Amino acid sequence: MSGDFLYPDYEIIRDFSRCTVCHDCERQCANGCHSYNEKLGRMVADNAKCVVCHRCVSMCPVSALKIVKTDHTFKQNANWTGDVIGDIYRQAGSGGVLLSSMGNPQKYPIYWDKILINASQVTNPSIDPLREPMETKLFLGGRPDRVEYDEKGQLKDNLPVHLSTQVPVLFSAMSYGSISRNAHEALAKAAAALGTYYNTGEGGLHEDFYQYADNTIVQVASGRFGVHKRYLDAGAAIEIKMGQGAKPGIGGHLPGSKITEDVSRTRMIPEGTDAISPAPHHDIYSIEDLRQLVYSLKEATSYKKPIIVKIAAVHNVAAIASGIARSGADIIAIDGFRGGTGAAPSRIRDNVGIPIELALAAVDERLRQEGIRNNVSIIAGGSIRSSADIVKAIALGADAVYIATAALLALGCHLCRACQLGRCNWGIATQRPDLTARLDPDAGARRLVNLVTAWNHEIKEMMGGMGINSIEALRGNRLMLRGIGLTEKELSILGIKHAGE
Amino acid sequence: MLKEGEVRIPAGCAISGIFSRAGKPISGGEIVSSISTMHDRSNGLGGGFAAYGIYPEYPEHFAFHLFYDSDAAKRACEAELKTFFTVADEGPIPTRKVPGVGNGPIIWRYFAAPRPEKMEALKMDEQEYTVRFVLRINRDIGGAYIFSSGKNMGVFKAVGFPEDVGEFYKLESYRGYSWTAHGRYPTNTPGWWGGAHPFALGQYTIVHNGEISSYDANRRFIEMFGYHCSLLTDTEVITYVFDYLNRVQGLSLEDIALVIAAPFWEEIDCMPEEQKRKLYYLRNMFASLLITGPFSIILGFDKGIMALNDRLKLRSMVAGEKDDRLYIASEECAIRVLAPQLDKFYAAQGGVPIIARLEEGTN
């Protein structure tokens with residue numbers, strides 16, 4: 001039925017006065033948008049195939065290409081918008097669940113942009129990070145309630161093992177399979193250079209990357225892909241993935257097209273099969289079961305690794321986090337609803353979960369009310385976009401943040417949100433050798449190091465402006481924040497005052 | 001206008017301290033002359049003193065100093081006090097009329113001992129019992145404020161310049177082995193007497209000059225352990241931090257300095273292995289009690305005194321020694337006025353505590 005046809009949302013515009021018919025766009029596009037039309041004697045483009053990844057635009061040597069949002073439109077309707085109508089046509093045609101990638105792009109409030117940061121004036125001095133030490137080193141892990149002394153009256157080191165990072169930023173979980181080997185290598189190398197950590201995600205750890213073990217967090221998810229003794233021993237920490245901000249309540253989706261030989265070996269699943277991890281862990285139906293998995297992993301690794309429990313930010317996140325803090329976990333990672341994904345049902349991505357800002361504030365406050373905030377560390381993620389977001393997250397109560405979308409952007413991702421297709425023209429979310437070869441791991445690592453280093457400089461500048469010279473004194477320091485344009489209720493959940501107060 | 005405790009008020013200040021290692025009595029008149037030399041560092045919106053060894057007649061009783069806004073508040077508080085403590089003596093704290101000190105609250109003093117059966121029932125030692133009591137009264141009974149609660153020591157404070165406050169309380173009539181003083185320069189204040197410094201809890205008193213940038217991080221951490229910051233001042237939170245680390249966790253004062261004014265990691269990484277391990281432990285364990293921003297504090301405690309500057313040394317503080325005495329002050333003039341010729345004179349180093357205790361056998 002022809003009703004399934006939808007006019008493409010975006011159009012490829014070519015300036016024929018510039019185009020030299022070099023065919024580079026054709027070679028660059030794995031989606032097959034560009035071709036040469038003999039009859040016309042010029043390059044043509046199929047807009048319907050375009051995912052708006054900008055590869056052709058970036059690579060065109062004469063800047064002959066651009067992508068524009070189409071001005072073609074359905075009859076204007078505030079309720080039945082073009083997107084809504086299009087989705088119905090697609091589902092009526094396919095009978096399937098709509099899939100998409102990366103974080104929730106809908107118009108929900110972004111609280112980071114409604115929070116402002118303080119600075120010193122007169123009554124105390126700001127501190128200049130170019131002239132004075134400015135510390136961003138921190139530890140992540142559990143802490144006991146009391147100090148202990150040995151028989152000689154000396155302090156005993158009764159701290160469990162901690163992660164130690166030079167910057168308050170860690171790379172969040174992205175599995176080998178969802179992203180390419182080269183992308184993983186870039187993340188691993190950057191983490192090592194920065195003195196921080198990257199996270200394997202649920203896809204196991206490639207043999208070649210065991211060398212970066214000291215900077216690796218290994219993940220155990222509901223599918224248990226690639227989990228074995230050596231894998232657990234390899235990581236500096238183990239993360240139990242209970243949920244993901246982009247798709248709370250469901251497991252991972254990796255299409256079979258991305259399960260190549262190498263990925264299959266690392267994941268320990270057959271080549272070409274879809275890797276669908278179960279929605280829950282089938283050995284965790286309640287909090288007491290989580291405790292057993294936490295301690296099973298601790299036992300398996302002789303209590304030498306901190307255990308992170310990662311959850312999606314959902315409505316009762318504070319109570320859940322409180323339960324996790326009492327389950328033996330050393331670190332809680334909270335993933336907001338704007339967190340990225342390699343593939344998720346669109347409806348879930350766009351409608352399930354809550355913003356990280358509110359979830360983080362609620363969790364931090366709840367753990368303090370219960371007097372257990374010092375017993376665990378908190379990593380906040382899902383969607384940290386800049387150094388200012390990081391400063392705000394830490395002042396709200398996070399120990400550190402996870403970034404993933406921002407890291408992929410540094411590697412060249414243009415956020416076209418079509419990772420699930422496996423044809424990433426930037427060599428990131430694909431396993432096709434011709435495409436992955438486009439991402440140079442060393443150049444990628446350099447860009448990641450640049451990004452985090454630049455952010456860390458900015459964090460130091462903002463801390464110095466507040467007269468704070470250690471990131472620890474910023475943690476939970478909500479008096480340094482003010483809301484702008486927020487309701488009383490929002491301010492009370494965030495635990496901050498309004499600007500001008 | 002919001003009252004103190006409902007809004008956070010930054011303040012600059014002058015501080016001074018005198019301590020006799022030999023435990024010799026020092027007249028309150030001396031500390032008043034010391035702090036008065038720094039008149040321009042205060043603005044008349046708060047002055048106060050802490051004195052140790054001043055109540056030898058009641059060495060084993062907790063000396064509670066209270067401000068009451070009304071007789072009703074006094075009655076309500078006394079009912080609580082007498083439920084939990086046996087009061088050996090009570091009465092108004094002697095004062096004289098001074099032009100620089102306006103009308104204030106009712107000022108009352110009690111010498112009291114915990115009721116053993118109550119203490120037993122709550123399974124607390126007398127320090128914990130008294131601290132919990134003080135925190136509860138200050139939080140729950142409107143119009144009543146316990147501003148001093150240690151043994152054989154006392155705090156005297158009011159709205160006014162410190163020299164006027166000293167005269168008001170007739171401090172020249174008290175003798176103690178240790179005195180600290182504070183002149184306040186708040187940027188705005190409703191002029192509440194309880195907001196003047198020193199701030200005290202149990203045996204600890206703090207006078208502080210500075211504005212800490214870590215305030216809310218420290219406050220939200222310490223409030224997990226039963227403290228309630230009702231004044232929103234730096235001095236209050238610093239006092240609670242000392243109480244928590246010293247009395248509750250058992251850290252030595254030297255180790256507390258390593259927590260709140262910790263050396264920088266770049267210094268720590270150059271230290272001998274054992275010291276390095278200790279600092280890694282302390283900075284990690286009590287990361288949220290690191291205090292940043294400018295501060296100079298003098299902590300008074302039973303049989304001792306401690307001075308500490310922030311790790312960047314963003315506030316002036318100097319010390320002088322003469323015979324058995326240690327002098328500490330924001331400015332040199334406040335020391336020289338009492339002891340023009342000193343055996344030793346030096347600036348407090350950032351993050352390095354100056355600690356003096358009574359010599360063995362004294363007191």
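The model is predicted, so local features are reported only at pLDDT of at least 70 and side-chain atom pairs only at pLDDT 80 or more, whereas totals for chains, interfaces and linings use all residues. Residues are numbered from 1 along each chain as its sequence is written, and chains are lettered from A, with ligands numbered from 1, in the order in which they are written.

Chain A contains 15 helices and 23 strands; helices (H or I, at least four residues) and strands (E, at least two) are DSSP runs numbered from the N terminus. The radius of gyration of chain A is 24 Å, close to the 23 Å given by the globule rule for 501 residues, so the chain is as compact as a globular protein of that length. Here the radius is taken over C-alpha atoms, and the rule is 2.2 Å times the number of residues to the power 0.38. The C-alpha trace of chain A spans about 90 × 55 × 45 Å along its principal axes. Of its 501 residues, 52% count as buried (20 or more other C-beta atoms within 10 Å of the residue's own; exposed, 12 or fewer; partly exposed in between; C-beta atoms placed from the backbone).

An open sheet of eight strands in chain A has parallel pairing and the order β11-β21-β20-β18-β17-β14-β13-β12. Two strands are paired if DSSP finds at least two bridges between them. At the edges stand β11 (169–171) and β12 (198–199) of chain A, each with a single partner strand, so one side of each has no neighbour in the sheet. Within the sheet, β18 (residues 331–335) and β20 (residues 377–381) of chain A pair in the parallel sense over five bridges, and Ala333(A) has Ile379(A) in β20(A) as its bridge partner. Helix α8 (residues 317–325) of chain A packs on this sheet, touching β17 (307–312) and β18 of chain A, and its direction makes about 155° with that of β18(A). Axes are lines fitted to C-alpha atoms, for helices over the stretch in contact, and angles run from 0 to 180 degrees between N-to-C directions.

Helix α10 (residues 356–369) of chain A has 11 of its 14 residues buried, so it is largely enclosed by the rest of the structure. Its buried residues include Ile356(A), Leu360(A), Val363(A) and Leu367(A). Among the elements covering them are α8, β18, β20 and α11 (387–396) of chain A. The helix is followed by Gly371(A), whose phi is positive, near 75°.

Ser387(A) lies in helix α11 of chain A and counts as buried because it has 21 C-beta neighbours inside 10 Å. Beyond residues up to four places away in sequence, Ser387(A) touches Trp455(A), Glu458(A) and Ile459(A), where contact requires C-beta atoms, placed from the backbone, to lie within 7 Å. The C-alpha atoms of Ser387(A) and Ile459(A) are 5.8 Å apart, although 72 residues separate the two along the chain.

Between the chains, 35 residues of chain A are in contact with 32 residues of chain B. In chain B, all six residues of strand β3 (residues 47–52) are buried, so this strand is largely enclosed by the rest of the structure. β3(B) runs antiparallel to β8 (residues 153–158) of chain B, joined by six bridges, and pairs in the antiparallel sense with β10 (residues 178–186) of chain B, also over six bridges. Ala51(B) stands opposite Gly154(B) in β8(B) and opposite Trp179(B) in β10(B).

Methods:
Contact = placed C-beta atoms within 7 Å.
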